[in-house]
Amino acid sequence: MKTNYAAVFISALAYWLLGAVWFGVLFNKPWMALENITMEQAKSMNPVLPYVVSFLLNLLIAYALAQVCIWRNANTTGRGASVGVLLWIGFIGPITYTTYMYEMRPKELFAINHFYPLAGLVLMGAILGAWTKKSA
């Protein structure tokens, strides 16, 4: 398999849009309360830069995930999604939960902040796995 750059772009865009729904609609109020962010603070931030940077970082994540999918021959929706789950369970979840535990941060905040990358990696892996580019 070869890297499908269109799939990388679309999966990064899907993850970025998921973030907008996750933090902007589904968990906006509880997330802001748990992070002790006021509406005034939120309105005072740069309205463009964080969105541009997060999209660029999502492209990096999507590219890296595409490489892992290629290495694992994850060339179906299910296989791609399972790679996303495995990476979250094996790395992101344990690393970030350890930090939250020592910082004595609320479990609810961990759930909001880190089930988002779980859902995102599953979504991106599913797109990348389903939209594979076969070697010539």
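Modeller: Let me start with accessibility: a residue is called buried under 20% relative accessible area, exposed over 50%, and partly exposed in between, with a 1.4 Å probe and protein chains only. This is a predicted model, in which local features need pLDDT of at least 70 and side-chain atom pairs count only at pLDDT 80 or more, while totals for chains, interfaces and linings use all residues. Residues are numbered from 1 along each chain as its sequence is written, and side-chain values use heavy atoms, with hydrogens and water left out.

Colleague: What makes the pair Glu35 and Arg105 a salt bridge?

Modeller: A salt bridge is a side-chain nitrogen of Lys or Arg within 4 Å of a carboxyl oxygen of Asp or Glu. For Glu35 and Arg105 the closest N and O atoms are 3.1 Å apart, and the pair therefore meets the rule. The H labels belong to helices, which are DSSP runs (H or I, at least four residues), numbered from the N terminus, strands being E runs of at least two.

Colleague: How many salt bridges does the rule give, and what joins Glu35, Glu103 and Arg105 into one network?

Modeller: The count comes to 2 salt bridges. Arg105 also meets Glu103, at 3.6 Å from N to O; Arg105 counts as partly exposed at 29% relative accessibility, and Glu103 counts as partly exposed at 45%. Salt bridges that share partners join Glu35, Glu103 and Arg105 into one network.

Colleague: How do you know whether Thr132 is buried or exposed?

Modeller: Thr132 has a relative accessible area of 19%, and the limit for buried is under 20%, so Thr132 is buried. Thr132 sits in the segment after H6. Contact means heavy atoms within 4.5 Å, and, leaving aside neighbours within four places in sequence, Thr132 is in contact with Met1, Asn4, Ala74 and Asn75.

Colleague: Why does His114 count as buried?

Modeller: His114 lies in helix H6, and its relative accessibility is 13%, so by the rule of under 20% His114 is buried. Not counting residues up to four places away in sequence, His114 touches Trp88, Ile92, Thr96 and Tyr100.

Colleague: What makes the group of Leu49, Val53, Leu57 and Leu60 a nonpolar surface patch?

Modeller: Patches are made of residues with over 30% relative accessible area and no salt bridge, like charges being joined within 9 Å and nonpolar side chains (Val, Leu, Ile, Met, Phe, Trp, Tyr) within 5 Å. Leu57, in helix H4 (residues 49-71), counts as partly exposed at 46% relative accessibility, so Leu57 passes the limit of over 30%. The patch made by Leu49, Val53, Leu57 and Leu60 covers about 360 Å², an accessible area that comes from the Shrake-Rupley method with a 1.4 Å probe, where for residues only the protein chains shown count as cover.

Colleague: Which residues of H4 are buried, and what covers them?

Modeller: In H4, the buried residues are Phe55, Asn58, Ala62, Leu65, Ala66, Gln67 and Cys69. Their cover includes helix H1 (5-26), helix H5 (77-103) and helix H6 (107-130).

Colleague: What makes a set of residues the largest nonpolar core here, and which members touch the most others?

Modeller: A nonpolar core is a set of buried Ala, Val, Leu, Ile, Met, Phe, Trp, Tyr and Cys residues joined through side-chain atoms within 4.5 Å. Of the 21 residues in the largest one, Val8, Ala62, Leu65, Cys69, Val83, Met124 and Leu128 touch the most other members. H1, H4, H5 and H6 each supply at least two residues of this core, and the largest share, 7 residues, comes from H6.

Colleague: Finally, why is Asn36 called exposed, whereas Asn73 is called partly exposed?

Modeller: Asn36, in the loop between helix H2 (28-34) and helix H3 (39-44), has a relative accessible area of 64%, so Asn36 passes the limit of over 50%. Asn73, in the loop between H4 and H5, stands at 38% and therefore counts as partly exposed. Phi of Asn36 is near 55°, a positive value in a residue other than glycine, and phi of Asn73 is likewise near 55°.
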